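Please open the model in your viewer, with the sequence panel alongside, and follow the stops below in order.

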Amino acid sequence: MALGGLGRRLAVRAARFVGRRARKYVAPVVPVIVGPVALGAGLSAGALALFFHIADDIRESDGVWRFDHDGLKMALELRNPHRTALMKFVSALARPDVMTGIGFASLLVAWRSRVHRPKAILLAVALTGGGGIIGIIKHRFERARPTLIEALAKEGTFSFPSGHAFISLCFYGILANWWMRTRPSRLESGVIAISSGGFIALVGASRVYLGVHYPSDVLAGYAASVPWLTACLAAYNQYEKRMAALPPGPVHKALPPAPVTAD
């Protein structure tokens, strides 16, 4: 605890020092710096901080216990046959094994369709890579599944973090990004973003409702997914910019007209 208190004091002092320097040197150029890249980096940093905070609480069995207990208790109180059917359906739309299969299928499309190859590769990297990341983290923490309430689904892997939450944010986040880029209207883009975000949140809620995940598992899954999704989309956008900057392909000169011969 003493080391923790010392660490917090050092962090506060460092933040104050950086804040003073930022006001002097960084503030004048903020309008130039702030953009999609900076926003993505900031969201990723915040998401990683949240993930490690939850992970530390789980290691120490502290902090998240009440949050997890209350979340599972609420899920139990909300259960009825109609909601259970809905939650099972929603959960099935984000199964990590199905999403990983889609990723491998995208690889096949990438080699067969030159037009859709960049998008197929993006899906393949995001989903298969995301599945690998989740598997590594699960075996690193080895958190058992909840036992506080009856589980309405069978799962054979560890609980932390939620693979459904991670993969749903990657997959549906990418689809929403593509869809929003085809809609010039801000209103349409806003509707797509809100609808996609609501569905992704519903996937996470379904895992708690079914009793196969703690609420902290779901939050950690989303938090771990944000930087991975940001990196994948940033790489894809950079690729598109480079392709757009390339000069057009060589134009074949038209053949001269054939000479006209008299009959």
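Begin by selecting F51 in this predicted model; setting aside neighbours within four places in sequence, F51 is in contact with I137, F141, F160, P161, A220, A223 and A224.

In soluble globular proteins, nonpolar side chains tend to be buried together.

From there, select helix 7, residues 117–141, whose 25 residues reach 36 Å from the first C-alpha to the last, close to the 36 Å expected at 1.5 Å a residue. Colour its buried residues, which are A120, L122, L123, A124, A126, L127, G130, I134, I137, K138 and F141. Then step just past the end of helix 7 to E142, which takes a positive phi of about 50°.

The last stop is the second largest pocket, where about 430 Å³ of space lies. Its lining numbers 23 residues, and those closest to the centre of the pocket are P96, D97, E155, H164 and R207. Helix 5 (81–92), helix 6 (96–112), helix 7 and helix 8 each give two or more residues to this lining, and the largest share, 5 residues, comes from helix 7. Colouring the lining by class will show 6 nonpolar, 9 polar and 8 charged residues.

Definitions and conventions. Residues are numbered from 1 along each chain as its sequence is written. This is a predicted model: local features need pLDDT of at least 70, side-chain atom pairs count only at pLDDT 80 or more; totals for chains, interfaces and linings use all residues. Side-chain values use heavy atoms; hydrogens and water are left out. Helices (H or I, at least four residues) and strands (E, at least two) are DSSP runs, numbered from the N terminus. The expected span of a helix is 1.5 Å times one less than its number of residues. Buried means under 20% relative accessible area, exposed over 50%, partly exposed in between (1.4 Å probe, protein chains only). Contact means heavy atoms within 4.5 Å. On a 1 Å grid over the protein atoms alone, a cavity is a set of points where a 1.4 Å probe fits but cannot get out, and a pocket is an open set with protein on both sides within 12 Å along at least five of seven lines; lining residues have an atom within 4 Å of a point. Grid points are joined across faces, edges and corners, and a volume is the space filled by probe spheres set on the points. Ala, Val, Leu, Ile, Met, Phe, Trp, Tyr, Cys and Pro count as nonpolar, Asp, Glu, Lys and Arg as charged, and the others, Gly among them, as polar.
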